[in-house]
Amino acid sequence: YNNLIKLTSNKSLYIGLENQDVFSDRLSLFLFHFAFFLKEFKHPNHEIVLQNVYDYNFKQLEHSIREIGYGDQTINKMMKKYLNLFHSILSEIHFWDTMPLEKKYLSLSKFLQNFNNIKSLVVYFDNFSLNLKKYDLNSYLKSVKE
């Protein structure tokens, strides 16, 4: 979770943001990072670990929303919305590696309407996806286990 937050806080991702940086933009980028992570490591041998990572990330997201000061009813509605958004993102990037460049632009544009730098974000997520492939799941979870 902390590694994904760190990646999401990369200021270069927000260059060309139409409006002031808001929680929903940061959340969308976080969900994209997380979706690529799950997509890359989806394997029957990793089901339990990835389910635990999934549960933990959304539990942390819920805690973050609570810290902002929202009430229980609002949090439940927001979490449902964010879970649906996340699963839409997962579906959209499922074939990312074989997707033509124009389709990648359209895919990111659906979720990141406030961003003017979609082309650079496509390059960023292409590179992020390639970097995920360089290591196994345990190397990404190593800091969590220690």
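E92 forms a salt bridge with K103, and their closest N and O atoms are 3.2 Å apart. This pair joins distant parts of the chain, with E92 in helix α4 and K103 in helix α5, eleven residues apart. (A salt bridge here is a side-chain nitrogen of Lys or Arg within 4 Å of a carboxyl oxygen of Asp or Glu; helices are DSSP runs of H or I, at least four residues, numbered from the N terminus.) E92 counts as buried at 14% relative accessibility, while K103, at 36%, counts as partly exposed. Buried means under 20% relative accessible area, exposed over 50%, and partly exposed in between, with a 1.4 Å probe and protein chains only.

Before going on, a word on the model: it is predicted, local features need pLDDT of at least 70, side-chain atom pairs count only at pLDDT 80 or more, and totals for chains, interfaces and linings use all residues. Residues are numbered from 1 along each chain as its sequence is written, and side-chain values use heavy atoms, with hydrogens and water left out.

The whole structure has eight salt bridges.

| Pair | N to O distance |
|---|---|
| E62 and R66 | 2.9 Å |
| E92 and K103 | 3.2 Å |
| K104 and D126 | 2.8 Å |

K104 sits in helix α5 and D126 in helix α6, 22 residues apart, so this pair too links distant parts of the chain. K104 is buried, with a relative accessible area of 7%. Elsewhere, K39, E40, D97 and K133 are linked in a network of salt bridges.

**Helix α4, side by side**

Back to the helix that holds E92. Going by 1.5 Å a residue, the 22 residues of α4 should span 32 Å, and the 31 Å between its end C-alpha atoms agrees with that. (The expected span is 1.5 Å times one less than the number of residues.) Which residues of α4 are buried? They are I75, M78, M79, Y82, F86, I89, E92 and I93. These cover an arc of only 145 degrees around the axis, so they lie on the same side of α4; the arc is taken from the directions from the helix axis to the C-beta atoms. The face turned away from that buried side carries the exposed residues Q73, N76, K77, K80, K81 and S91. Cover for the buried residues comes from elements including α2, α3 and α5.

**The core and α2**

The largest nonpolar core has 45 residues, and F32, F34, F37, L108, L112 and F125 touch the most other members. Such a core is a set of buried Ala, Val, Leu, Ile, Met, Phe, Trp, Tyr and Cys residues joined through side-chain atoms within 4.5 Å. At least two residues each come from α2 (23–41), α3 (47–68), α4 (72–93), α5 (101–111), α6 (118–133) and α7 (137–145). The biggest giver is α2, with eleven residues. That helix is largely enclosed by the rest of the structure, because 15 of its 19 residues are buried.

Setting aside neighbours within four places in sequence, F34 is in contact (heavy atoms within 4.5 Å) with L4, V53, Y54, N57, F58 and F86.

V122, in helix α6, is buried with a relative accessible area of 0%. Beyond its neighbours within four places in sequence, V122 is in contact with W96, L101, K104, Y105 and L108.

**Aromatic pairs**

Rings of Phe, Tyr and Trp (its six-membered ring) pair if their centres lie within 6.5 Å; planes under 30 degrees apart count as stacked, over 60 as edge-to-face and the rest as tilted. The count comes to 23 aromatic pairs. Y54 and F86 make a tilted one, 6.0 Å centre to centre with 55 degrees between the planes. Y54 belongs to α3 and F86 to α4, so the pair ties together parts that are 32 residues apart in sequence. Both residues are buried. Y124 and F125 pair edge-to-face, at 5.1 Å centre to centre and 85 degrees between the planes, and both of these are buried as well.

One aromatic cluster takes in Y1, F30, F34, Y54, Y56, F58 and F86.

Definitions and conventions. Expected span 1.5 Å × (residues − 1).
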